[in-house]
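Here are my notes after a pass through the model. Have the coordinates open while you read.

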Amino acid sequence: MDKLKSVEEGLKVKKEVLEISSELISSMGQFLRRKGFIEILPVIISPITDPLNHSVFEANIEYYDGRYSLTKSMIFHKQLAMRIHPKIFSFSPNIRLETEDKKDSGRHLIEFTQLDLEMREATRDDVMSLVEKMLINAFENLEEKFGTLLREMNPYFSVPETPFERVKYLEALEKYGSDFESVLSKRATQPFWLIDIPIDDREFYDKLDSNGKTLRDMDLIYPYGFGEASSGGEREYEYENIIRRMKYKGNDLESMKWYLEEVKKGIPPSAGCGIGIERLTRFVCNLEDVKSARLFAKRPGELSI
Ligand code: ASN
C-alpha cells in the first residue's frame, strides 16, 4: 500500500483557495440562473457514459444482471435533458481512472468536477459567448471580494477581455507543430478558444462540420501554460449520423444501446461544454498542481482519502 497517501496530503489545501473556489462555483451558478438556466442534479452512475477519446481504467459496478459505469462525463444525460428544459447546468463529479503517467501533468485528477452546461438549439458561438461572459462575471466578483489576496497569490490575475481569440486547430498545428497547444498556452496572456478540432481528436458526439474533417467544437485554453480549461461543441443528434460517427471511432454500439434507443425516438439539437472547476481554481490561484485546488484530491496512480 505504498501508494496510499495520508489524510494530511488530502487536506493540504489552503483555506483561501477553497474560499476562492467556492466563490467561483457560486458566481457561475448565479450567472447561469440569471440567463434562464436551471441546475440539475448530477448523475453519478449509469449504464451509459462518455467513451472519451483516450483510454482510462474502467470504473464499473455490477448490479443484479446489469452494470453501472461511474460517470466520465454527463454528455449524454445533458443531451437527453434537452427534451425537458432548454438550458441546464450541473456541477458534475466525473471519475476518470487515468494512468499514472499523467500523475505529474499538474492538470489531472481521477475525481474532478466539471460545470457541465447545455443549451437547446444553440450554436458553438452561443456557448463561447456565454462562457466568456460567465467567466468575466466570476472574475469581477473575485476581484471585488478577494482583490489584494488574489494578487498576492497570482500576480498575473486579470479580468479577461472579450471576445477571446479563436485559433483554428489545423492552422496552429501547421504553424507550431504537434505541441502547439502547450506552446500557445505558454505564450498567451489571455484565455483563448481552440476551434475546429479534427474528427480523430474528439469523441463521436461533437458535430461534424460540412467539410467532413473538423468538428463544430471548441476547447478553452488558459494562458501562462495552464492549458486546457474546457471542451464542448455543437452536438450530433441525428440517429444515422451518430451511428456513422460511432462506427468511425470504433465505439461499442451494444454498450450504448440505452442512448441509441433514445436518440432514435429523437433528441433536440444542442450545444454545450464542461469547465473543470479544479483547473479553473488552479488557474485563478496560480497553483503549480491541480491537486492543491480542492480537498481530497486524487492524482493518477495514487490512492488518497
Ligand atoms: N463536458 C464535455 C462537453 O460538454 C464533455 C467531456 O467532458 N468530455 O463536451
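1. Ground rules. This is a predicted model, where local features need pLDDT of at least 70, side-chain atom pairs count only at pLDDT 80 or more, and totals for chains, interfaces and linings use all residues. Numbering runs from 1 along each chain as its sequence is written, and side-chain values use heavy atoms, with hydrogens and water left out.

2. α2 against α4. Helices here are DSSP runs (H or I, at least four residues), numbered from the N terminus. Helix α2 (residues 15-34) packs on helix α4 (residues 124-153) at about 155 degrees, and their axes are 9 Å apart. The axes are lines fitted to C-alpha atoms over the stretch in contact, and angles run from 0 to 180 degrees between N-to-C directions. That makes the two helices roughly antiparallel (angles over 145 degrees). The crossing of α2 past α4 is right-handed, meaning that the near helix is turned clockwise from the far one by less than a right angle. Their contact residues split into 16 nonpolar, 3 polar and 6 charged. For the classes, Ala, Val, Leu, Ile, Met, Phe, Trp, Tyr, Cys and Pro are nonpolar, Asp, Glu, Lys and Arg are charged, and the others, Gly among them, are polar.

3. α4 against α9. Here helix α4 meets helix α9 (residues 277-285) at about 45 degrees, with 11 Å between the axes. L135, F139, L142, L150 and M153 of α4 make the contact with L280, F283, V284 and C285 of α9 (contact means heavy atoms within 4.5 Å). By class, that contact has 9 nonpolar residues, with no polar and no charged ones.

4. N137. Is N137 buried or exposed? N137, found in helix α4, is buried because its relative accessible area is 16% (buried is under 20%, with a 1.4 Å probe and protein chains only). Leaving out residues up to four places away in sequence, N137 touches S27, F31 and R34.

5. α7 and what follows. Helix α7 (residues 239-249) buries N241, I242, I243, R245 and M246. Those buried residues pack against α8 (257-265). Just after α7, G250 has a positive phi of about 75 degrees.

6. Cysteines. C273 is buried at 1% relative accessibility, and C285 is buried at 2%. How many disulfides are there? The count is 0, taking a disulfide as a pair of cysteine sulfur atoms within 2.5 Å.

Key:
Angles under 35 degrees count as roughly parallel, over 145 as roughly antiparallel, 65 to 115 as roughly perpendicular and the rest as oblique. Buried means under 20% relative accessible area, exposed over 50%, partly exposed in between (1.4 Å probe, protein chains only).
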